[in-house]
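Please consider the following notes while examining the sequence and the structure. They are arranged as numbered points.

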Amino acid sequence: MESLDLKMPKYMVYCVVVACLGSFSNGWVIGSANVPGEVTHACENGSAHVSSSAFPDCLPMATGLWGFAVSAFCVGGLMGGLFGGSIQTKFGRKKTIIFNNLGWILGGLLQGVAVNPAMFIVGRILCGLSCGLGSLATPTYVGEISTIKARGTMGTCNQFAIVIGILLASVIGLPLASVPLWRINYALVAIPAIAQFFLMSGCVESPRYLVSINRIEEAKESLQRLRPNTNIDKEFFGMVEGQLGTAAARAITGMDSASINKDDAKSFDDQIEDGVVTGEEGVRESMNMIQIFKDPLIRRIALTVLALHVIQQLIGMNAVMYYSTTIFNMSFSAEMSKYMAIVTTVVNFASTVLSLILIDRMGRRPLLLIAEAGACLFSVLLIIGYVYNLGALLVVSVFGYVLSFAIGVGPIPWMLTSEVTPVYASSAVGAIATAMNWAMNFLIGQCFPIVFEGIKGYSFAIFAGVAALAFAFTYLKVPETKGRSLEDIVKGFEKSS
């Protein structure tokens, strides 16, 4: 049996699940401040040591400071993403994922034992550093080890784990939303982080990364472990050819590209004639964030990836979640609104499961187009519901918007980042895309409350416009990657340049 025909070998799935423990920790950090937020910064006894002699009951903060404290992890995420590319290039995907857990462990514990706002904010930033680096390293690793037939499903596991983390943090936060139990809710992120720290040691390094640093035999062994009881020759040839060139692939594997795929051989011969690839080029050095914008092919890929990450944030998911509290307070009691916020997270979870099922059946482009059209429609319905004060329509629109986002706009940009970028440029492109994503996240978190205060529900016209533009961009510029090897996807960009 050929490895290219394999779908979900058990060991590969195990490595993906272990890698996505980091995504779970990411989700926990995002959701941990949702339910116990009020008691964290505005409890009855303030900074008095009533419940415990060692710690104050809470950490009194003004609304503005609390808003910054919660979103401080975005600052860490921006820094983690920005420098993550060089880190995962130097130390490898596996070691980066392992040691990335230190930020969650230290940051979670620091929040749990915080005696003043400064300690809490530093803890959030440390967690953010791991969130940012993990947002880059996990999708890269998952994309590089997954089989062609299951890469979409495996890639969606990243977003799925984030959503589970948010959901469990909210659910577990309910009984912990009191003094002094709120501290536990922030510290619990250390548990999945410690688990991943040890379990990841049992996973292999990405074979594509090993090829990129010329550790060919280790790469082949790693790929064989990920594709047990199958013939990996064709897949390995394509992997080596995509990074080292056709001549190197023939020399290393002892195979001829014509014996594998005549069309592929022809396209590479054409590339040699055009000067895109040379038979003697050998290992391609990893590009930095300046070089990716000098190379015409990689610049095009990078701009496509950047646009998808900017769209993911500017389309307004975080803003809708922010506004949902106001919507639920209009239609339900304060206590019921708390539970409705959790229902929204459940909808997010269910929609991500749906994406997990559909991504390798329908493909990336159709799901992304459906998601963007849905986001546009439900943003318009939110405006109508606001203008005519239709509580039921507002609630339905929130759920519909969350559904639309979760099936496509949420998971697919992270997946496509690793799918469309060649290994020698993946760290730099991924780093700048991750940093941009976190920067936009922070920007929305800081600016939307001000915009909403000024124009209220009409602010969703901005997101409807962004969704409409996103639909046009995806239709015109985003390629389908379903059922194609990572190397073949890059060749598609070369042909259409």
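1. A disulfide, meaning a pair of cysteine sulfur atoms within 2.5 Å, joins C43 to C58, with an S to S distance of 2.2 Å. The structure holds one disulfide. C43 and C58 both lie in the loop between α3 (37–41) and α4 (63–91), so the pair ties together parts that are 15 residues apart in sequence.

2. This is a predicted model, in which local features need pLDDT of at least 70 and side-chain atom pairs count only at pLDDT 80 or more, while totals for chains, interfaces and linings use all residues. Residues are numbered from 1 along each chain as its sequence is written, and side-chain values use heavy atoms, with hydrogens and water left out.

3. The link of C43 and C58 is left-handed, with -85° about the S-S bond. Both C43 and C58 are buried (under 20% relative accessible area, with a 1.4 Å probe and protein chains only).

4. C131 is buried, with a relative accessible area of 0%.

5. N101 is found in helix α5 (residues 93–112); helices are DSSP runs of H or I with at least four residues, numbered from the N terminus. N101 is buried, with a relative accessible area of 0%. A polar atom of the N101 side chain lies 3.0 Å from the backbone oxygen of I98. Apart from neighbours within four places in sequence, N101 is in contact (heavy atoms within 4.5 Å) with A193, Q196 and F197.

Technical notes. Helix = DSSP H or I, 4+ residues; strand = E, 2+ residues; numbered from the N terminus. Buried < 20%, exposed > 50% of the residue type's maximum accessible area, 1.4 Å probe, protein only. Polar contact = N/O pair within 3.5 Å; in protein donor to acceptor, adjacent residues only side chain to side chain.
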